[in-house]
Amino acid sequence: MHEGHYLIITAIILLSIASIGGILTAYLKIPYMSMLVIIGLIVGIFHIFPGLKITPSLIYYVFLPVIIFEGAVNIKMIPLKSNAVPIGILSVFGTIISAMFTAAAMHFGLNFPLRPPLIFGAVLTRPEPRSCIALRKER
């Protein structure tokens, strides 16, 4: 199948599954992000779609623009500006402290050399604004 057709079919299947998850969150009273994780685990563990491949093209051209655009459109600038200092402090120092804690746990607990756990901790503990926006909307 041509790459373009495969991209469209995969996007439709995944967006349909996410929509079903959105409907289920109203009945089960759990956060949407948690529902997506549960659906992802079910689909992955039981190999429900064995031929479904998520390609970098699908992520870069379909899902990433939607996530970025939706977050940028719905942000309120006045609260963001008034909370810029606490947001900056928590995101910078929180990420540094979390990365150091992760690196220390891997270094002392699992006997890794120090450099790889520092890099892993920095990648793992970066701030995730998209999930924060989704959780804030649900309140």
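## Ground rules

Helices (H or I, at least four residues) and strands (E, at least two) are DSSP runs, numbered from the N terminus. This is a predicted model, where local features need pLDDT of at least 70, side-chain atom pairs count only at pLDDT 80 or more, and totals for chains, interfaces and linings use all residues. Residues are numbered from 1 along each chain as its sequence is written, and side-chain values use heavy atoms, with hydrogens and water left out.

## Threonine 102 in helix 5

Helix 5 covers residues 84–110, and threonine 102 sits in it. This threonine 102 is buried, at 15% relative accessible area. Buried means under 20%, exposed over 50%, and partly exposed in between (1.4 Å probe, protein chains only).

Leaving out residues up to four places away in sequence, threonine 102 touches Phe120, Gly121, Leu124 and Thr125. A contact here means heavy atoms within 4.5 Å.

## Leucine 80 in helix 4

Helix 4 runs over residues 77–82 and includes leucine 80. Leucine 80 counts as partly exposed because its relative accessibility is 32%. Beyond residues up to four places away in sequence, leucine 80 touches Ile75 and Ile87.

Helix 2 spans residues 32–45, which is 14 residues. From first C-alpha to last, helix 2 reaches 20 Å, close to the 20 Å expected at 1.5 Å a residue. That expected span is 1.5 Å times one less than the number of residues. Histidine 47 follows helix 2, and its phi is positive, near 50°.

Serine 34 has its place in helix 2. At 33% relative accessibility, serine 34 is partly exposed. Glycine 21 is 13 residues from serine 34 in sequence and 9.6 Å away in space, C-alpha to C-alpha.
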